[in-house]
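Biologist: I am new to reading models. Can you take me through this one, feature by feature?

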Amino acid sequence: MNYLSVETLSKAFGDKVLFQNISFGIDQGQKIALVGINGSGKSTLMKIIMGLEESDAGSVTFRNDIKVTFVHQNPTFADNQSVAEAVFYNSDDPVLQTIREYQLTLIKSETDLDAQDQLTGLFEKMDTYNAWDYESQVKQILGRLGIHDLEQPISQLSGGQRKRVALAKALVEKPDLMIMDEPTNHLDLETIEWLENYLSTANLSLLLVTHDRYFLEKVTNEILELDNGGIYRYKGNYAYFLEKKADREMIEASEIDKAKNLYRKELDWIRRQPKARGTKAKYRVDAFEDTKDKAFSAKKKDSLELSVAANRMGGKIIEIEHLQKKFGDKKIVNDFSYVFKKQDRIGIIGPNGAGKTTFLNMLTGKLAPDAGMIEAGKTINFGYYRQEDDSFDPNQRIIDMVKEIAEVVTMANGSVITASQFLNHFQFSPKAQYTPIGKLSGGEKRRLQLLKILIKSPNFLILDEPTNDLDLITLNILEDFLANFPGCIILVSHDRYFMDRLVDHLFVFDGEGEINDFPGNYTDYREWEKEQTNTPMQKDDLSKAKESTAPISPKVEVSKTKASYKEKREYQTIQEDMAKLDEERATYIDKLNSGSGSHEDLLDWSQKVEAFTQKIDAMELRWLELSELEGIED
C-alpha cells in the first residue's frame with residue numbers, strides 16, 4: 001500500500017539545480033532515511049514534502065485515508081499556546097481531545113473544587129472511549145520526552161524544549177506516516193535511545209533526515225541518497241549503503257570514461273567537412289549531443305581538508321582543584337578536581353540542565369566559579385566550538401571575515417597558504433567566498449564556524465555539539481581530523497558513534513553537582529550501567545512502581561567481591577604497565593652495569609632503579625588484589 005508518491009520533482013535556485021525529475025514512493029511499513037552532502041537539497045526536499053515550500057515542477061501526493069505527522073528541524077508554535085494546546089492542537093481525534101481535557105482538569109482539581117466536579121463526567125467520557133490505555137501511552141511519551149508541565153506557555157520554552165513538544169505532538173497522534181527532519185537535535189542521549197527504540201518497534205512508516213549513524217542503523221531499513229541532482233535507493237542499512245554507493249560511483253566513473261573516449265571520436269567526425277555538416281546523419285548528431293552530456297556529467301568532488309598546525313603545548317595544561325558552582329539552590333559543580341594530561345580525549349555526558357555548558361564556560365574563563373581554582377598553562381590556546389554561534393555578521397562576505405583573523409594560514413605540514421586557499425580547503429570556492437554569510441545554509445555556517453576556530457591554531461579544542469547540520473561525509477572527515485589532533489579535546493555530543501570513536505574517558509554529570517570520571521567511551525559506560533544491578537529494573541516498571549502506593553524495593557547492591565567495569569579495565573592494563581616500567585628499569589640497570597658515567601650519573605641511575613622497583617612492587621600487589629575478584633579473567 002503506497003502512502004507517499006513523489007513524481008518528477010524538480011527544484012532550482014537560480015542557476016543552481018538541487019534536483020531534477022526525481023521520483024520515489026514510501027509504502028506501508030517502510031522506514032527510510034534521506035541522506036546527502038550539505039547543499040544537495042535534503043532540507044529543501046523535506047520542506048516541499050511538508051508543504052512549506054513550492055517545487056518548480058512535479059508533485060507530492062499522500063494517500064487520502066492515512067494520518068501524516070511532521071517533525072520540523074526547528075518547529076514553531078504560537079507563543080500564546082500552552083504546552084497542552086501545542087501537543088493536542090488541531091487534532092480532530094475525539095479520544096485525544098478527551099485525554100487533553102482530562103489531563104488539564106486533573107491538574108486544576110488539586111486547587112479548584114469546580115474542576116473536581118468536572119472529573120466525574122470526564123471519567124465516564126474516558127470509559128466511553130476506552131481511552132485509559134491510550135492515556136497511559138500519552139503520559140509515557142510526555143514523561144520520556146521530559147514534558148511535565150502541560151500548562152507552561154510555549155513562549156517560555158527553549159529551542160530544545162520546543163523540539164520535544166513537537167516530537168510529543170507527532171507521536172501521540174499515532175500517525176500512519178511520519179516525516180522527521182533531524183529528530184535527535186537538542187535531545188539528550190537517554191531520550192535519543194528511548195526515541196530510537198520507540199520508532200524501531202512502532203507500527204508506522206517513516207521518512208527522516210538524520211546524521212546520527214546509530215539511530216539511522218537501528219531505525220531505518222532503506223536509504224535514499226540525494227546526489228548530483230538525482231536520487232538513488234538502497235534497500236539495506238547504512239553499512240550496505242556505503243558499500244553500494246562506492247560500487248555505483250565506480251560504475252559511473254567507468255561509463256563517463258567510455259563516453260569521453262567516444263566523444264573525442266565523434267567530435268573529430270563532427271569537425272570534418274564542416275561545409276557538409278547539414279548532410280550528416282541527424283541520428284549521429286543527436287547521439288553526439290547525448291554522448292557529450294554523459295562525458296561531462298561527472299561532478300567535481302569537493303573534499304574537505306582539515307589540516308592545520310596546532311600551537312606547541314607545554315608541560316602544564318589545565319589544573320582544576322575543588323571547583324564549585326551553583327545557581328541559587330541548584331548545585332552545578334560540587335568539589336571537582338582534575339589535572340589534564342597531554343592528548344586527553346574527554347566526552348561530557350549528562351541530562352539537559354546538568355551544567356555541561358556552565359562547566360565549559362568556567363574552563364575557558366567566561367564564567368567565574370564560586371570556589372576552587374582553574375589554572376591553565378601559559379601555552380594553552382583554546383578553540384571553542386559552540387552549539388549556538390551568533391557572532392557572524394550576516395552582511396559580511398566570507399573572505400572578509402577570514403582575512404580579519406589571518407591573511408595567511410600555517411598548515412600541519414608547515415606550508416603557508418592564503419586565506420582564500422584555506423577557504424578552498426573548507427569547500428568554499430573562489431566564487432562562493434564573496435557570498436554574504438547570511439545567505440549560507442546551516443551546514444555551510446557550521447563549516448565556517450569550524451574554520452574560524454582552526455585558523456587560530458588551537459591546541460585545546462572544546463566542541464559543543466559539533467555534529468549538528470553536518471552531512472555524513474563531512475562528519476567522517478571531521479572524525480579523522482580529531483582522531484589525529486595532537487592537542488586535547490573535550491567533546492559534548494548526542495552523536496554516540498562520534499563520541500565512541502573519539503573519546504577514551506567521560507566526565508559524567510549527574511545533575512546534582514557531582515562529576516564522575518569514567519574510563520571508557522559512551523558504549524562502555526552504558527554497558528557498565530547495565531552491570532550495576534544483578535536484576536536491572538526497566539524504567540517503565542520503575543515509573544509504575546513510583547506511582548504505586550506500595551513501597552519500592554531498594555536497589556540491589558553489587559557484591560564487593562564482584563569486579564566492577566573499572567576494575568576489569570585496570571586489570572587488563574596493569575600487566576602492560578608493569579612490563580613497560582620493567583623495561584625502563586632495565587635500561588638504567590644496564591647503564592649501572594656498564595661502569596661508565598660520572599659519580600652523579602651513577603647516583604641518579606641508582607635512584608631511578610629504586611623508584612621503578614617501588615612502583616612495580618606496588619602494582620604487583622594491586623594486580624594480586626584484582627586477580628581475586630569475581631569476573632576477572634587472566
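**Reading the features**

Modeller: Start where a helix stops: α5 is followed by G146, whose phi is positive, near 75 degrees. Helices and strands here are DSSP runs numbered from the N terminus (helices are H or I, at least four residues; strands are E, at least two). This is a predicted model, so local features need pLDDT of at least 70 and side-chain atom pairs count only at pLDDT 80 or more, while totals for chains, interfaces and linings use all residues. Residues are numbered from 1 along each chain as its sequence is written, and side-chain values use heavy atoms, with hydrogens and water left out.

Biologist: What span should helix α5 have, and how far apart are its end C-alpha atoms?

Modeller: The expected span is 1.5 Å times one less than the number of residues. Helix α5 covers residues 132-144, which is 13 residues, so it should span 18 Å. Its end C-alpha atoms are 18 Å apart, which agrees.

Biologist: Which residues of α5 are buried?

Modeller: Buried means under 20% relative accessible area; exposed means over 50%, and partly exposed is in between (1.4 Å probe, protein chains only). In α5, the buried residues are Y134, E135, V138, I141 and L142. Seen down the axis, they fall within an arc of 120 degrees, so they line one face of α5. That arc is taken from the directions from the helix axis to the C-beta atoms.

Biologist: Why can residues spaced along a helix point the same way?

Modeller: An α-helix has 3.6 residues a turn, so residues three or four places apart point the same way.

Biologist: What covers the buried residues of α5?

Modeller: A contact means heavy atoms within 4.5 Å. The cover includes α2 (83-88), α3 (94-108), α4 (113-128), α6 and α7.

Biologist: Now the core. How many residues does the largest nonpolar core have?

Modeller: A nonpolar core is a set of buried Ala, Val, Leu, Ile, Met, Phe, Trp, Tyr and Cys residues joined through side-chain atoms within 4.5 Å. The largest one has 97 residues. V165, L199, L448, L461 and L482 have the most contacts inside it. Helix α6 (residues 159-172) gives the most to this core, with 7 residues. A second, separate core has 27 residues, including I317, I346, V492 and I515.

Biologist: What does L199 touch?

Modeller: Leave out residues up to four places away in sequence. Then L199 touches K31, L171, M178, M180, L206, F215 and V219.

Biologist: Is T184 buried or exposed?

Modeller: T184 is buried, with a relative accessible area of 0%. T184 is found in the loop between β6 (177-181) and α7 (189-201).

Biologist: How many salt bridges does the structure hold?

Modeller: Side chains of opposite charge can pair when their charged atoms come close. A salt bridge is a side-chain nitrogen of Lys or Arg within 4 Å of a carboxyl oxygen of Asp or Glu. The structure holds 20 of them.

Biologist: Which parts does the salt bridge between R496 and D212 tie together?

Modeller: The closest N and O atoms of R496 and D212 are 3.4 Å apart. R496 lies in helix α16 (residues 496-502) and D212 in the loop between β7 (205-209) and α8 (213-219), so the pair ties together parts that are 284 residues apart in sequence. R496 is buried, at 5% relative accessible area. D212 is buried too, at 0%.

Biologist: Are R397 and D400 buried or partly exposed?

Modeller: Their side chains meet in a salt bridge of 2.9 Å, N to O. R397 is partly exposed, at 35%. D400 is partly exposed, at 29%.
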